[in-house]
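Please consult the sequence and structure below while reading.

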Amino acid sequence: TKRVVQKTHEKIVPRPTWNMPSANRAVVHSATRAIANSHYAFEPFLQAPNGRMNDMIAPLLPSKVTESPMLLETEVAPGMHLLIGATSKLSAARPGNGGFRIWKYDNKEDAAAEAVALAQGMEVKHMVYNTGCAGAKVVCNIGERDIADLDKKQLLDALDKVLHSLDGAMFTGCDLNSTLDDMAYLADKSPYILAAIGNDKVDPNHATAHGVVGAIIAVLRPDLVAKCNGETVVFNGAEECEDRS
């Protein structure tokens with residue numbers, strides 16, 4: 001089968017295939033197959049998803065998406081687990097995409113449930129924008145460690161191995177406690193990074209903030225832009241907000 005690659009700084013970098021014409025999807029990543037690790041595999045996710053998020057997101061999705069979630073799990077250090085939630089089986093033809101979240105969960109089960117719930121949220125985004133990707137999310141439960149004491153390089157190197165093993169079936173980027181510098185480090189090692197790197201004028205935090213504010217304006221105050229008169233609205237600690245209606 002003919003393989004398509006592109007050269008970048010003397011490295012052979014596989015070209016993503018999900019947005020290629022179907023006739024060209026025979027492409028795939030010969031440069032990275034040598035370091036693929038076949039023991040990284042998705043399994044059906046059988047526990048109940050995160051209830052709060054699932055109740056909010058699941059109604060927006062086709063039933064076939066919510067009925068067959070998948071989870072990949074590996075222990076990257078004692079007590080520290082890397083998990084990838086997905087809404088379905090992933091492939092290089094329709095890869096998963098979602099950011100890399102690093103957090104201290106109460107237990108591994110909570111981390112796994114959040115990975116799947118966040119993957120469902122990503123599925124909604126990809127459906128809305130017709131990206132050709134499936135919903136997925138990378139979550140790391142750091143266990144008893146503190147974020148400040150985390151060996152970031154060890155964690156990023158572990159994620160790099162997993163991404164290579166999936167051979168173009170998963171792409172990731174920034175999320176909670178992962179930074180553009182982290183993504184730049186990974187992008188030097190892997191072609192499976194989708195993040196706002198290489199352009200100092202792009203800040204994904206600003207883009208996210210604009211999206212959140214725009215969504216709130218559209219749902220709650222369609223007249224806010226026209227009549228704001230210099231007023232400022234601040235949203236802080238949204239997770240703690242209660243319904244006071």
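Contact means that heavy atoms lie within 4.5 Å. The model is predicted, so local features need pLDDT of at least 70 and side-chain atom pairs count only at pLDDT 80 or more, while totals for chains, interfaces and linings use all residues. Residues are numbered from 1 along each chain as its sequence is written, and side-chain values use heavy atoms, with hydrogens and water left out.

**Asn 97**
- Asn 97 lies in strand S6 (residues 96–97); strands (E, at least two residues) and helices (H or I, at least four) are DSSP runs numbered from the N terminus.
- Asn 97 counts as buried because its relative accessibility is 12%; buried means under 20% relative accessible area, exposed over 50%, and partly exposed in between (1.4 Å probe, protein chains only).
- Leaving aside neighbours within four places in sequence, Asn 97 is in contact with residues including Met 122, His 126, Cys 133, Phe 171 and Leu 194.

**Nonpolar cores**
- A nonpolar core is a set of buried Ala, Val, Leu, Ile, Met, Phe, Trp, Tyr and Cys residues joined through side-chain atoms within 4.5 Å.
- The largest such core has 33 residues, of which Leu 82, Phe 100 and Leu 155 touch the most other members.
- Elements that each supply at least two residues of this core include strand S4 (70–77), strand S8 (134–141) and helix H5 (152–166).
- H5 gives the most to this core, with seven residues.
- A second, separate core of 11 residues includes Leu 83 and Tyr 105.

**Helix H5**
- Because 11 of its 15 residues are buried, H5 is largely enclosed by the rest of the structure.
- Among the buried residues of H5 are Leu 155, Asp 157 and His 164.
- Just after H5, Asp 167 takes a positive phi of about 55°.
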